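Please prepare a short report on the model shown here. It should cover confidence, folds, contacts between parts and a few single residues.

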Amino acid sequence: MRGLFLSDLGQNAAAALVLRPLAEAAMSAPEKSFVMETANSPNHSPLNFAGSPINKTLSAEEKLETFRQMVRIRRFEQAALKNYQKDGTMGGFLHLYIGQESVAVGAASLMGDHDHMITAYRCHAHALAVGMNMNECMAELYGKATGCSKGKGGSMHFFAPDKNFWGGHGIVAGQTPLGLGLGYGLKYRGLEGCALCFLGDGAINQGAFHESLNIAALFGIPVVYVIENNGYSMGTSQKRSSAYKDCLAQRSEAYDMDWDVVNGEDFYEVRAKTHIAMERARKEHKPTILEVMTYRYYGHSVADANHKKYRSPEEIADYKKNHDPINLWRSKLIEEGVLTEESSKTIDTEAKLEATASTKFAEESPAPTIEDITNDVYWETDNNTEASQIGRHFFND
Amino acid sequence: MREIEYRDALNEAFDEELARDENVVLMGEEVAQYNGAYKVTRGLWDKWGDKRVVDTPISEAGFIGMGIGASMLGIRPVMELMFWSFHSVAFDQLVNNAACCRYMSGGLINVPIVMRGPANGGTNVGATHSHTPEGLFAAFPGLKVCSPATPADAKGMMKTAIRDNDPVYVMENTTLYGNKGDVPDPADGDFLIPLGKADIKREGSDVSLIAHGASILRCLEAAEILASEHNIDAEVVDLRSIRPLDQDAIIKSVKKTNRAVLVDESKPFCGVSAQIATLIQEYAFDYLDAPVKRVCTIDAPAIYSPHVEPDQLPNAKRIVAQVLTIA
């Protein structure tokens, strides 16, 4: 655990432990009792990151905005789930982010003009966090022409290049070299920025990720890999899927790369540590791996009907009760006098109404046409250029 | 006109495009300081330096994915696969990220990359190094694929590929790199050959030999034998570009000669020639005086044995024999 938080090693590791072994609790009773003891130990209370420089600069309005974003994301996904289960008008997969909201919002709140973001298929939160609106996102889930990808991408493939958001990628770790490339492009153009590349804990065992790490360190690419560790590689717990010593991010040591473990339930900590990694990328062209300990309430996707079998109901209940990032952020903001119970409820109500309106928008939007199927394949044919008239591009009957 | 080698024609294309557009970057294993495994990029690192000509680790998924990501920000990476056969270790990047990002984003993202390198058999390097995947990649909408046979085509198409806003996969050939041919002098202007335009490499009236890449040279040899020994006048149609495909040139030639033999270094099952055959039966059925015939690589992994490999590939002898079954 190198970097500015070297002296906090013990506490950070302990804070991480609060979450990590919970994911393993279903596997081993003795571990569980050890974990609970660790989690509740008064000797290992989490550090207070509110005072870190990047958090001190947050205005009350900015804090409220991050809270609003987290609530909007949750309400959007709850509406999406309801819609998905309603009448079968929505197809495909639906990978919900509920429980992890602090991570995407925390990171997005740090992005400047030259910072870029890319993630895997659990992408709704990142999309909303960078400023995409609920209408275009819900319409995409519905496969409508008004969707952010015109109904061509679906749940796993949201994009907004104008907001520096590059997807939304369906293949586990397939986006990790792309994130590297975003960083490469920034450096090539001499822009002071970084690429935030998110991946799940299951993605760390893909070859493409390791190839990316090597090149990132070798070439000095301004990329921050953020492992959102929710404990499960689909239905396989971390211990059953990954070989590691103390934590997953530690693998970066083999590539002489900085790393840190982040307690994802603490919004201030997410921002503080992500900021350090982003600055290292922007200013020094050095990559970092952050491992953010977090948790998803739902299954790997809605299709994951077994998600209550590979983890105990108690584990899920404990997280919801004691570690929910939105509840914790709400309490913190109320404690700081930034938020009141009443304004919190207003924000929540507004988010619910916005989600409901996006459902209506999606339902009433037109579907793509058959003709639309062959648009957006080639730039030349889309733009009807002279070159597009040369040779046959499509081979339909 | 001056004569230069195929590899130097490519080199000239890179040099000119590096000069024209500061976003063009050459990347790949050994392309910079080593001057390229086949010396296609020789001298370019000396001239353009570390920023424009980049040696990568042996890490195809990593650096190709990186190039795709960079291309989203407007960089134009021209990436070498030392052999196209190594595509398989980067397949996810080549077909999911390169071919599908534009589509899945509803046209918001462009991926202006060039993937290039040799794709051929005939050098006794065994099955893992002898794949010819032009048909494979042409099967993915969103990708463009071409396979130049001559130095001039190599230069003109490479320059066009670099300027294209979509991913273009250029299949070169180690057996062609040393071949010399006429290439227009750069002083005479920018030399571009569009994708999607076939070229009649030999006019003829009795049978159409339709091919691409090195098979064009085998067809030209066969055409000479057919003319001198069998009094058959063969037309040689060089597809040059697989996707987009010059269907008009194919159909026009078949309507003229009424016979077609498709010569294709890929394997017969669902190869490029299978696609051409279906187009001919659909658009020139009434003009055919005989079944469409094919000469492909014999349907097995590439054999190592130098004694036999030349016969596994399309060659003049096999082409002549096949033509004689219908002419």
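The model is predicted: local features need pLDDT of at least 70, side-chain atom pairs count only at pLDDT 80 or more, and totals for chains, interfaces and linings use all residues. Residues are numbered from 1 along each chain as its sequence is written, while chains are lettered from A and ligands numbered from 1 in the order in which they are written.

**Chain A overall**

The pLDDT (the predictor's confidence in each residue, from 0 to 100) has a mean of 89 over chain A, and 88% of the residues of chain A reach 70 or more. In residues 1–43 of chain A the pLDDT is below 50, yet this stretch has 60 contacts in the model beyond near neighbours in sequence. Where pLDDT is low, the predicted coordinates should not be read in detail. Two residues are in contact if their C-beta atoms, placed from the backbone, lie within 7 Å.

Chain A has 15 helices and seven strands. Helices (H or I, at least four residues) and strands (E, at least two) are DSSP runs, numbered from the N terminus. Of the 397 residues of chain A, 53% count as buried. A residue is buried if 20 or more other C-beta atoms lie within 10 Å of its own, exposed if 12 or fewer, and partly exposed in between, with C-beta atoms placed from the backbone. Among contacts in chain A with a separation of 6 or more, 74% are between residues 24 or more positions apart.

**The sheet of chain A**

Five strands of chain A form an open sheet with parallel pairing, in the order S1-S2-S3-S7-S6. Strands S1 (116–118) and S6 (258–263) of chain A each have a single partner strand and stand at the edges, so one side of each is left without a neighbour in the sheet. Neighbouring strands of this sheet are turned by 20 degrees against each other on average, direction ignored. Axes are lines fitted to C-alpha atoms, for helices over the stretch in contact, and angles run from 0 to 180 degrees between N-to-C directions.

Two strands pair if DSSP finds at least two bridges between them. Strand S2 (residues 195–200) of chain A runs parallel to S1(A) and is joined to S1(A) by three bridges; here A:Ile118 has A:Cys197 in S2(A) as its bridge partner. S2(A) also pairs with S3(A) in the parallel sense, over six bridges, and A:Gly200 stands opposite A:Glu228 in S3(A).

How many of the six residues of S2(A) are buried? Six of the six are buried. A:Ala195, A:Cys197 and A:Leu199 point one way from the strand S2(A), and A:Leu196, A:Phe198 and A:Gly200 point the other way.

Helix H11 (residues 267–284) of chain A lies across strand S3 (223–229), S6 and strand S7 (288–293) of chain A, and runs at about 170 degrees to S7(A).

**Contact between the chains**

Chain A places 38 residues in contact with 40 residues of chain B. On the side of chain A that touches chain B, helix H8 (176–188), helix H9 (207–219) and helix H15 (379–382) of chain A each supply at least two residues. H8(A) gives the largest share of that side, nine residues. By class, the side of chain A that touches chain B has 18 nonpolar, 13 polar and seven charged residues. Ala, Val, Leu, Ile, Met, Phe, Trp, Tyr, Cys and Pro count as nonpolar, Asp, Glu, Lys and Arg as charged, and the others, Gly among them, as polar.

**Domains of chain B**

The domain assignment of chain B gives domain 1 (2–188) and domain 2 (199–324); such bounds come from an automatic or database domain assignment. The centres of domain 1 of chain B and domain 2 of chain B, taken over C-alpha atoms, are separated by 26 Å. Between them, 24 residues of domain 1 of chain B are in contact with 24 residues of domain 2 of chain B.

**Two loop residues**

B:Phe86 is in the loop between strand S4 (76–80) and helix H4 (91–104) of chain B. A:Met234 is in the loop between strand S4 (232–233) and strand S5 (236–237) of chain A.

Leaving aside neighbours within four places in sequence, B:Phe86 is in contact with B:Glu60 and B:Leu81, and A:Met234 with A:Gly202 and A:His300.
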